[in-house]
Number of protein chains: 2
Amino acid sequence: MKNSGVAGMQIGDLSAETGVNIETIRYYERIGLMAAPARNRGGRRVYEAAHVAQLRFIRNCRSFGFKVDDIRALLALPQNGGGAAEMEARELTSRHLTEVRRKITELKKLEAALKGMVSACTPGKQAECPIVASLARQATQP
Amino acid sequence: MKNSGVAGMQIGDLSAETGVNIETIRYYERIGLMAAPARNRGGRRVYEAAHVAQLRFIRNCRSFGFKVDDIRALLALPQNGGGAAEMEARELTSRHLTEVRRKITELKKLEAALKGMVSACTPGKQAECPIVASLARQATQP
DNA sequence: GCTACGATCTGTAGCGACTACAGGAGCAAG
DNA sequence: CTTGCTCCTGTAGTCGCTACAGATCGTAGC
């Protein structure tokens, strides 16, 4: 790692710096999520500090569960866009929050159902396995 | 629907009976999850009551979030396998339950983080959008 | 019989967000 | 000059479907 964190880094350095897989970095470039960097004479990608910041932003967004299209929208917001840009970021985030809450609710229902199945199952005690029995029922309970 | 729910139904009837998409039924057959049915002279699939039960089982498993490979394992258990089969079903289910709980924990952390972002954001009040700022940080908090 | 229409058939491609190669080229050290 | 690493492009695989295209089956009306 010759130039770590300052300028002129190659893809491996960027990967080490941000913790994002090399293949993933190239993928982000291909789908137009990340800005394409300059190339050296040999055709290798040369990244600057701005790329590090952008990729970190993307990685953080992904770790917060934002979809790639959301991130595209966030990156398209003007940096000092003022109120309008903030409103849009807030909108996007709170929509995402709603979705996360919906998933939590769903998973909690699932958890309760699975917990019930497991605790009903005391191997060797029943005639029929209660887990298989409940999975074989006509319809999932509403 | 000529033969509904009894015997000799075609794929459309099976789909209506179970609520599973026709294309999905064929997909399940292709990947070897569902038993392949007999065909009539014209090459059309002809399903019996056992297929309805099996597909309902599969659909219920999916609605409980089991993966296709898990379902394969559950279907491979002998119907009256006694204690050993029950143990395996229980094992599988409780492993799945653990995974569901892990996801809930993760999503709750996400929810808290997003909630914090949204409530910190009062458009027009700050110099910098706190959502974008928190997404631009060096690393996701541990 | 002929025609029209619906249901079904096969095979293939797309989704989202990567990941994993294969096969070739750049580049610095010994 | 060779070794050995990093990097390049392009393509295919993952999971669980879903969505076609284009052909065929089967039935009902005439």
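1. Confidence. pLDDT is the predictor's confidence in each residue, from 0 to 100. This is a predicted model, so that score comes up first. For chain A the mean pLDDT is 87. In that chain, 87% of residues reach 70 or more.

2. Among the elements of chain A, strand β2 (residues 45–46) has the highest mean pLDDT, 98. Helix α6 (residues 130–135) of chain A has the lowest, 80. Residues 1–5 of chain A have pLDDT below 50. Beyond near neighbours in sequence, that stretch still has ten contacts in the model.

3. Chain-to-chain interface. Of the interface residues of chain A, 100% are also interface residues in chain B, so the copies meet through the same surface.

4. DNA strand C: who is there. There are 21 residues around DNA strand C. From chain A, A:Gly42 and A:Val68 are among those that come nearest. From chain B, the nearest include B:Gln10, B:Gly12 and B:Arg45.

5. Helix α2 (22–30) of chain A supplies at least two residues of the surface near DNA strand C. So do α1 (11–18) and α2 (22–30) of chain B, each with at least two. By class, this surface has nine charged, eight polar and four nonpolar residues.

How values were computed: Residues numbered from 1 in each chain as written. Chains lettered and ligands numbered in written order. Predicted model: local features only at pLDDT ≥ 70, side-chain atom pairs only at ≥ 80, totals over all residues. Contact = placed C-beta atoms within 7 Å. Helix = DSSP H or I, 4+ residues; strand = E, 2+ residues; numbered from the N terminus. Near = placed C-beta within 6 Å. Nonpolar A, V, L, I, M, F, W, Y, C, P; charged D, E, K, R; others polar.
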